[in-house]
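Dear colleague,

My notes on it follow.

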Amino acid sequence: MTEIALQATDLKVIRGNKTVLSGMSFQVMQGEVFALLGGNGAGKSTTLLAFMGLLDVVDGRAEVLGQSAAEDAVAVRSKIAYLPESAALYEHLNAIENLTYFLSLSQARPDAKALHSALESVNLPKDSWTQPLKSYSKGMRQKTAIALALLRETPVLLLDEPTSGLDPAAVEDFHKIVEKLASIGVTVLMVTHDLYGACQVAHRVGLLRAGQLVDVFEADEDGAIDIAAIRDLFLQQQAA
Amino acid sequence: MNPILLIANDELRFWRRSKLAWTVLTTLVVVSVCAAFVSNTEVSRRAQERLAQQAEADAIFQAQPDRHPHRMVHYGHYVYRTASPLAVIDSGINSMVGTSIFLEGHRQNTATFASARETGLLSRFGNFSPAFALQSLVPLLLIICGFASVTREKENKTLYQLIGQGIGNTSLLLGKSLALWSLALLALIPLIALGLSATGADIFDFRQSLGGLTFGYLLYLSIWVLLIVGVSALVRTSTQSLSVLLGVWIVSVVLMPRVAGAYANAAAPSPTQIETNLRLAETMRSGGDSHDIEDSAFMDLRERTLAEYNVESIEELPFNYRGFVALRGEEADTEVLNQFAEERMVRELEQKRVADSFSALSPIIAMRAFSMALTGTALQDHHHFLRAAEDYRYDMVQSFNRLQMTGMTLADDLARNTDAESGRRTRLDAAAWREMPVFELQPLSHAQRWQAASQAGFIMVLWLLVAFGLLLFAGRRLQA
């Protein structure tokens, strides 16, 4: 039986003086890819941070595999690989050093072969692996960060605008990676502006506005999601 | 590997690849080495000078010809304070107080009354010594190196990645602190090297203090390390972190010691040197002039002495009564002088106590007190020198008075300026002053220094606990 991997229950988060999430609830099942769409300031990234236990939740709960992110943040984080919008890696280190360092912090001990395999799978040019990240383009950094997320081999993957800055071919490669991870039971929660990309890879798409989940669209039997319906609702919400 | 060590290791790797960190590290090494070199050169030069001056003073004193002993009382003698071996690390108040005293009868001179008001004793910015570098400059360099240790992770969003790997916030901050702490350890190397290479009297006793001194500086720099990382974790940007930490440095290192000194002067004021001297002269006058055996102040003494020896006149006494009056007069004068000196020392200690109470607001005040106490350059060491010099002066003067009392008759003594033969008989053999023991200051013992340093050490432990509390608080508040 499929279990709940991520569960938000009446989640309320205030950052500064602004209520960013106001009573948001949803579930993501194990092995499911759930995409959250929304405009700027809708609360997409905040939702991910709440699941990481990185924010003070005013009310409600964010749970990962049955554990509260607020109450047991360290244990929860060990089950999550998180990919921020701008690849958050060290510029003074090269790709191999970044991967080795961050993985050692999570107590993972991948060998050189696994590192190389991950970097190859995201199509990062081999001659750049030992160059400091400060010489990388945004896309190359993003690929390195994706490789790190893959190497973590965690049951949950949180992605914040994962295809931002990637070229179309890299976006296609990335979608394949996400589909592959989902097929082996990894739960993926991604937040994005990219409606078409989300509909291509996600099993369900949630539309977020002003900290609340407005609607959820599921894929049909063929795996297709009604893009037009989402787009219309999104535009309607924006106009309101 | 432990996540704390991993984070510390990566922070050090970042510094190794950072121009700013290399600049700070180079400055740290240059400052530490220069401070050690300058201090060592200066202290050695002064020590040599004092040794030479003391030897010259001893030689001149011992080379005095046959004289009347009371002329030797007024001829006087210089004694010099030899610096403690660890003064190469911390010159303390040595540069602000006298290190030589002219000893003579009926007076306590120079170092004792030259600084009747302790103006700014604790508020000076300090000499360029390893202690000054460690207390003032190293924290600044640690701030420059560490102010962005956590804010950098926030600004570059790598904090998400770090925390996302499942490490605890406290582990992250402890790792950052450990890296910064290793820089602080580097700064201590010149101190340890200087301490171990120091020479001088009682060096073995002082080496026992070196361990405590090193530990104290480690404690002090640890306070700064925890404070720097704690602030960097609490604020949002590197600019805010640098501003807050520089503000803390300016207040605690530059302003607070001056405020403490000024407040101590106001709260426990000392009379001026003129006021002190006038009051002392008045008190001394009421005790009589011991040069004049007919002074009314000594009539009681005469009556009691005649009665004790059962004689009718001072000429019948079995000793020179004039020398006896000089002996008793010096005894009474010294009692008054010591009373004034002790009053002044009590006032200075009260000023120090008031100034030290500001260590609750700034750890550098506690560190200074701790460092000066263990290096033997504190106020209590200066007072110890003054008391030892006074004891020596009193013994010297009284030995001459005893010579006057027993080495000649009253008749010769009274006629020595009018009768050449009497004058010749009252000039005593110069061997008497050649045999005078030379002045040798025994410094306070290691145990006494520890006792003096203990309160400041306790306050620094409290500061460390507060700084650690701040770090834990920052860990709980840390948000990406």
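Which residues of α1(A) are buried, that is, have 20 or more other C-beta atoms, placed from the backbone, within 10 Å of their own? They are A:Lys44, A:Thr46, A:Thr47, A:Leu48, A:Leu49, A:Ala50, A:Phe51 and A:Met52. Because 8 of the 9 residues of α1(A) are buried, the helix is largely enclosed by the rest of the structure. A:Gly53, with a positive phi near 75 degrees, follows α1(A).

This is a predicted model, in which local features need pLDDT of at least 70 and side-chain atom pairs count only at pLDDT 80 or more, while totals for chains, interfaces and linings use all residues. Residues are numbered from 1 along each chain as its sequence is written, and chains are lettered from A and ligands numbered from 1 in the order in which they are written. Helices (H or I, at least four residues) and strands (E, at least two) are DSSP runs, numbered from the N terminus.

Chain A holds an open sheet of 4 strands in the order β2-β1-β4-β5, with antiparallel pairing (two strands pair if DSSP finds at least two bridges between them). Its edge strands, β2 (18-29) and β5 (67-68), each pair on one side only. Strand β1 (residues 4-15) of chain A is joined to β2(A) by 9 bridges, and A:Leu6 stands opposite A:Val28 in β2(A).

The contact between the chains (C-beta atoms, placed from the backbone, within 7 Å) takes 20 residues from chain A and 20 residues from chain B. On the side of chain B that touches chain A, α7(B) gives the most, with 6 residues.

Yours sincerely

Terms used:
Two residues are in contact if their C-beta atoms, placed from the backbone, lie within 7 Å. A residue is buried if 20 or more other C-beta atoms lie within 10 Å of its own, exposed if 12 or fewer, and partly exposed in between; C-beta atoms are placed from the backbone.
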